[in-house]
Amino acid sequence: IDKIDTDIFAKRESEVRSYSRGWPTVFDTAKGSWMRGEDGREYLDFFAGAGTLNYGHNNPVFKQALLDYIERDGVTHALDMGTVAKRAFLESIDRNLLEPRGLDYKVMFPGPTGTNAVEAALKLARKVTGRESVVSFTNAFHGMTLGSLSVTGNSMKRNGAGIPLVHATPMPFDNYFGGVAEDFQWFSRVLDDSGSGLNKPAAVIVETVQGEGGINVARPEWLRALSELCAERDILLIVDDVQMGCGRTGQFFSFEAAGITPDIVTLSKSIGGYGLPLALTMFKSELDVWTPGEHNGTFRGNNPAFVTATAALDNYWADDAFEKETLRKGTLVREGLDTIADSYPGVSTRGRGLVQALAFEQAENASQVCAAAFESGLLLETSGPESEVVKLLPPLTTTDDEFRQGLSIIAESVAKVMA
Ligand code: PMP
């Protein structure tokens, strides 16, 4: 902290209060699952750019694709014009993602980041249904612009922003009351009761695993009940896969394991592959009610990101090998964390695939563990409403040896904090 506080970051960069405070060093280069500080120290990265680097830092295949594209003076920016890079990406989505899964989605590029994908999803749902309000869940995180913030369930992030732009109703996320039946009995009663004060919503927006909200995993049966409830009542179901998509939970889309097909899906973070900004809003073809120019934005067509995104889909998603590896590694990490948690009261584990977490009854222990891990060369972030959860979001390409190395640093860090 001292180092950061005394230099140009502290003087000019307001962001110094967040990540650079937790990780007080200046990073220079990065490769695979490692980041290197300008002082030469190496850090094992179990944060992966908040989930933007599922395929690792400077993935050599993507890097070569990008270098080739730059070498031949490929178009770098073209708004939403047709380009060779965009066509290749759309073909790759079709071939690798949609056709094998029998999904009939249209794709729009709503702007550069996750929140742009969410805004477009909310706007589309409201336009299609002619209804205004949206249901979202306790502890949800959907972004920091005023529409996506309205459906975010974190009062610290919302409070300074005044009146929400979208009328949003919070509902309890899975396990809030316990059983699936209890949750949905209550939910459908509120929806159907003309005395409840709830207008029929345009959509329900949900993360299958809440990333920022504390790695809260929705059970498949809860997601299926939610999907059925929406279908029965003609409410659109939006799955926000900005953080949990692109293979984080095993399958490319996080909702696949539950066997549901959302009406609208948002993707960003790792879709660009190389850490380049790219966002997608996908929706069932019959929902394509946009008129030309109705939803635009200058940075909708990030061509270098199309190039690396295509390389990612073609290299990792042409078959199910990567999915199987992710699930196998997820089990390895979970077993390691379970062993750690079993040794201490008030520590528990949760997660799916390669998003795993250690939750602490004493919230401050989580940031203490992250600080101790940083000292030992491991980057870990907290999440949850009280920052009570240590979240593991490693590149999916992390090797077994690197996972063992990271787990042993976590074990040592937890031992130090709980001593
Ligand atoms: N949705 C989810 C589920 C997210 O985790 C995030 C970012 N953490 C967003 C939306 C917003 O994405 P961005 O920060 O790129 O706007």
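Predicted model: local features only at pLDDT ≥ 70, side-chain atom pairs only at ≥ 80, totals over all residues.

User: OK, helices first: how do the axes of α13 and α15 cross?
Analyst: Helix α13, residues 321-342, and helix α15, residues 400-418, have axes that come within 10 Å and cross at roughly 20 degrees. Because angles under 35 degrees count as roughly parallel, α13 is roughly parallel to α15. The crossing of these two helices is right-handed.

User: And which residues meet there?
Analyst: From α13, Lys329, Leu332, Val333, Gly336 and Ile340 meet Asp400, Phe403, Leu407, Ile410, Ala411 and Val414 of α15. The residues of this contact divide into eight nonpolar, one polar and two charged.

User: Switching topic, what surrounds the ligand?
Analyst: The ligand is surrounded by 15 residues, and the closest are Thr113, Gly114, Thr115, Val242 and Gln243. Helix α7, residues 114-129, gives the most to this shell, with three residues.

User: How does that shell divide into nonpolar, polar and charged?
Analyst: Around the ligand there are four nonpolar, eight polar and three charged residues in the shell.

User: Last one: what order do the four strands of the open sheet take?
Analyst: The order is β1-β2-β3-β15, and the pairing in this open sheet is mixed. Strands β1 (27-31) and β15 (378-379) stand at the edges with a single partner strand each, so one side of each is left without a neighbour in the sheet.

User: Then how does β3 pair with β15?
Analyst: Strand β3, residues 42-45, pairs with β15 in the parallel sense over two bridges, and Leu44 stands opposite Leu378 in β15.

Conventions:
Residues numbered from 1 in each chain as written. Axes fitted to C-alpha atoms, helices over the stretch in contact; angles between N-to-C directions. Parallel < 35°, antiparallel > 145°, perpendicular 65-115°, else oblique. Left-handed = near helix turned anticlockwise from the far one by under 90°. Contact = placed C-beta atoms within 7 Å. Nonpolar A, V, L, I, M, F, W, Y, C, P; charged D, E, K, R; others polar. Near = placed C-beta within 6 Å. Pairing = 2+ DSSP bridges.
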